[in-house]
Amino acid sequence: MPAKPGPPHFATRLVQWQRQHGRHDLPWQVRDAYVVWLSEIMLQQTQVAVVADYFARFIARFPTVQALAAAPPDAVLAAWSGLGYYQRARNLHRCAQIVVERFGGMFPQTARELATLPGIGPSTAAAIAAFCFDERAAILDGNVQRVLCRTHGISDPIPSAATTRKLWALAHSLLPEAVDMAAYTQGLMDLGATVCKPRQPLCMQCPFAADCHARLSGDPQRLPVRKPSRGARPQRSTVMLWLRSVPGEQIWLEKRPPHGIWPGLWSLPQFETLEQATVHAAQCGRMVSQRALPAFRHVFTHFELTVHPLLIDLDAPQQAAERQGQWLSIAQAVQLGLPAPVRNLLLQNMTTAPADAPPIPHQG
Ligand code: SF4
């Protein structure tokens with residue numbers, strides 16, 4: 001078997017490939033740390049195609065780190081709403097405030113300092129430093145792990161601390177001495193996203209096809225080796241109470257606590273049972289009608305939640321004494337930071353009679 005693609009040829013081939021075949025028109029490909037940082041945080045758990053729209057709206061709403069730092073938390077969550085993993089938005093806001101307060105509005109220029117900021121891990125810090133400040137810093141996101149495991153035939157299971165250490169060491173050893181760091185870093189990202197895909201990698205388009213260990217083994221998809229999953233996610237369920245006033249057609253929304261699922265977002269109140277939800281509704285006004293809408297599932301990292309929406313129309317509604325929330329029109333509600341499945345539920349029912357509403361699609 002040929003030698004594994006090592007330095008300096010690894011970097012040289014990658015950069016040449018990136019210049020010819022890589023992506024050059026992404027809106028965040030600029031030497032502006034605010035822009036690069038924002039895109040890197042958005043891309044941590046989300047595909048480029050999804051991020052593009054959110055990114056454009058977010059930058060239009062918060063064009064500078066100062067604007068983001070000064071924004072109310074609700075405005076940041078509303079702009080983030082739908083991207084999921086809301087801790088990222090909270091860290092983003094906190095990070096912007098620290099950059100303004102401690103660094104005078106200028107992002108630090110080294111990966112080491114960047115990694116001290118909220119929400120910026122070592123790979124994200126390295127990407128910002130490489131793209132914006134030409135630092136010779138290694139990235140190691142999930143795509144890069146896959147590329148390195150395949151090119152270098154690493155069959156240790158991931159995720160594991162030992163394999164991660166090994167991959168970091170490899171990523172550092174492959175860093176170019178005198179090559180455009182932005183092109184190198186972008187090349188790794190592009191190769192993982194567009195060619196060395198998890199399934200059916202496009203090996204014939206790859207600059208490492210001639211000596212990639214995984215390709216030469218005849219089964220490139222075999223790598224990386226994943227640790228066996230710990231079984232199916234635990235299942236939970238909840239009743240989501242959609243209180244609607246008649247005839248005004250306002251809805252009742254409550255702000256979720258700062259911890260737990262959907263932290264700090266506005267949402268429909270949740271109950272363990274239909275009975276609890278109905279009793280609560282009766283305390284809020286005279287019940288005119290009630291209807292169970294189709295249940296749907298939402299998948300979180302550590303569990304799956306089956307949501308049973310219950311729509312109850314109330315005459316002369318009022319606020320239950322112990323609840324913190326507000327009555328809003330749906331048009332007002334969708335301007336707030338809402339969990340994606342709640343937003344979908346409301347939007348689908350803005351134009352569709354609830355009895356005929358289609359099932360809510362599963363959300364990732
Ligand atoms: S040759 Fe195939 S498996 Fe190897 S790095 Fe390239 S795309 Fe991935």
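**A salt bridge between two domains**

In this predicted model, the side chains of K255 and D74 meet in a salt bridge, with 2.8 Å from N to O. Polar contact between the two domains, taken over residues at pLDDT 80 or more, amounts to four residue pairs. On the side of domain 1 that touches domain 2, helix α5 (residues 73-80) provides the largest share, with three residues. By residue class, that side of domain 1 divides into four nonpolar, two polar and two charged residues.

Domain 1 covers residues 9-222, and domain 2 covers residues 235-356. The contact draws eight residues from domain 1 and 16 residues from domain 2. Between the C-alpha centres of the two domains the distance is 37 Å. Together, domain 1 and domain 2 bury about 820 Å² between them, and carbon and sulfur atoms account for 53% of that area. Within domain 1, the residues D74, Y86 and R90 supply 52% of the area buried against domain 2, more than any other three residues.

Attention now turns to H93, a residue of helix α6 (residues 87-103). Is H93 buried or exposed? H93 counts as buried because its relative accessibility is 8%, and the cut-off for that class is under 20%. The side chain of H93 reaches the backbone oxygen of L68 at a distance of 3.2 Å. L68 is also among the residues in contact with H93 once neighbours within four places in sequence are left aside; the others are A69, A71, P72, P73 and V76. Of these partners of H93, P73 and V76 fall within the range of helix α5 (residues 73-80).

Some figures for the whole protein chain complete the picture. The chain has 364 residues, of which 49% count as buried, and its secondary structure comprises 15 helices and eight strands. Taken along the principal axes, the C-alpha atoms fill a box of roughly 75 × 50 × 35 Å. Among contacts between residues at least 6 apart in sequence, 68% join residues at least 24 apart.

Key. Residues numbered from 1 in each chain as written. Predicted model: local features only at pLDDT ≥ 70, side-chain atom pairs only at ≥ 80, totals over all residues. Heavy atoms only, no water. Domains from an automatic or database assignment. Contact = heavy atoms within 4.5 Å. Buried area = accessible area lost by both parts, 1.4 Å probe. Salt bridge = Lys/Arg side-chain N within 4 Å of Asp/Glu carboxyl O. Polar contact = N/O pair within 3.5 Å; in protein donor to acceptor, adjacent residues only side chain to side chain. Helix = DSSP H or I, 4+ residues; strand = E, 2+ residues; numbered from the N terminus. Nonpolar A, V, L, I, M, F, W, Y, C, P; charged D, E, K, R; others polar. Buried < 20%, exposed > 50% of the residue type's maximum accessible area, 1.4 Å probe, protein only.
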